[in-house]
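Please keep the sequence and the 3D view at hand.

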Amino acid sequence: MRLCDKDQPLPGPDELLVRVRACGVCRTDLHVAEGDLPVHRSGVTPGHEVVGEVVESGSQVSDFAPSDRVGVAWLHRTDGACRYCLRGDENLCPSSLYTGWDIDGGYAEYTTVPAAFAYRLPEGIDDVDLAPLLCAGIIGYRALRRTGILDPTRGAQSPKRLGLYGFGGSAHLCAQLAIALGVEVHVFTRGEKSRQLARDLGAASVAEVYDDPPVPLDAAITFAPVGKLVPVALRGLDRGGVLSIAGIHLSDIPTLNYERELFYEKEIRSVTANTRQDGTDFLDLAARHGVRATTHAYPMDSAPQALADLKAGRFDGAAVLVV
């Protein structure tokens with residue numbers, strides 16, 4: 001990454017020009033910067049957890065005004081016409097575009113977003129605390145839903161045990177929501193800072209990342225992009241349990257032993273981006289249940305340092321760039 005000058009972007013007819021006030025630092029940004037993900041746009045500006053204010057609206061936009069506070073997230077645009085979009089699975093749209101990967105994102109003073117993909121943000125949460133909710137929070141919520149233990153309208157179906165493998169920006173938000181909705185959460189992570197944060201947030205148990213759970217788990221989510229954790233998490237599941245794999249990148253999964261890791265109708269489910277409805281639902285739940293990010297602020301021009309600290313695990317919670 002390098003600091004450079006670019007022309008101020010121009011909003012299209014259906015877009016907003018947004019002045020960035022804060023932008024969360026997501027592990028996906030690290031995957032983009034380090035080449036774990038294929039290059040979609042040479043020299044792209046990363047960043048897709050953006051809190052900002054509307055500066056200008058395109059000619060087709062009528063429902064936003066200058067100075068409105070908005071959120072810009074990972075899903076930038078879909079075609080709205082394919083079979084996936086039409087059935088409500090826009091996260092699977094083959095023509096989808098992503099902020100900070102296909103389109104210049106929020107590690108900048110300005111960015112653009114289609115008005116239909118901008119989020120109206122809850123009041124009473126400041127910019128820095130809100131930023132990580134826009135991807136880490138939303139994708140953690142979708143991963144939680146993919147486990148099948150959560151009914152968004154009624155909370156946990158019955159008392160359930162959930163294991164979280166890795167405890168960074170996304171997991172610590174997922175844990176808060178799960179606990180608020182009646183789920184018993186067990187955390188497996190490296191680093192004493194992350195383990196202490198898990199204890200502070202009310203985890204039922206906290207252990208090293210490769211330890212066995214103290215009880216059989218009804219579901220698990222792997223947040224760390226480490227394929228070796230998949231068989232570990234599967235072995236921790238009770239009969240009929242579901243493992244949800246969060247994140248856009250994962251190192252190779254070792255060969256699985258069918259009897260030890262998949263038998264008794266255990267399941268593996270991947271997570272691919274999110275729908276706008278996921279984002280709307282999560283932001284509402286986060287405001288209602290007091291879900292808040294543990295944050296560490298960096299100046300915008302220190303983005304490379306923030307990514308290096310993320311990679312090295314030097315902080316708990318999430319980093320946020322501020323202008």
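Arg-19 has Glu-53 in β2 as its bridge partner. Glu-53 also stands opposite Arg-69 in β3. The strand pairings behind these partners are set out below; two strands pair if DSSP finds at least two bridges between them, and strands (E, at least two residues) and helices (H or I, at least four) are DSSP runs numbered from the N terminus.

| Strand pair | Sense | Bridges |
|---|---|---|
| β1 (residues 15–25) and β2 (residues 50–57) | antiparallel | 7 bridges |
| β2 and β3 (residues 69–72) | antiparallel | 4 bridges |

A word on what you are viewing: this is a predicted model, in which local features need pLDDT of at least 70 and side-chain atom pairs count only at pLDDT 80 or more, while totals for chains, interfaces and linings use all residues. Residues are numbered from 1 along each chain as its sequence is written, and side-chain values use heavy atoms, with hydrogens and water left out.

Now to the domains. An automatic or database domain assignment sets the bounds, and the protein is divided into domain 1 (15–135 + 274–322) and domain 2 (139–270). Their C-alpha centres lie 24 Å apart. Where they meet, 30 residues of domain 1 are in contact (heavy atoms within 4.5 Å) with 20 residues of domain 2. The buried area, meaning the accessible area (1.4 Å probe) that two parts lose on being put together, summed over both, is about 2,000 Å² between the domains, and carbon and sulfur atoms give 62% of it. Asp-278, Leu-285 and Asp-316 supply 22% of the area that domain 1 buries against domain 2, more than any other three residues.

Which residue forms a salt bridge with Asp-278? Arg-145 does, with the closest N and O atoms 2.9 Å apart. A salt bridge here is a side-chain nitrogen of Lys or Arg within 4 Å of a carboxyl oxygen of Asp or Glu, and the rule finds 2 across the interface of domain 1 and domain 2. On the side of domain 1 that touches domain 2, α1 (27–34), α9 (276–289) and α10 (303–312) each supply at least two residues. The largest share, 5 residues, comes from α9.

In the structure there are 22 salt bridges. One of them joins the side chains of Asp-104 and Lys-6 (3.2 Å, N to O). Because Asp-104 lies in the loop between β5 (97–98) and β6 (110–114) and Lys-6 in the segment before β1, the pair ties together parts that are 98 residues apart in sequence.
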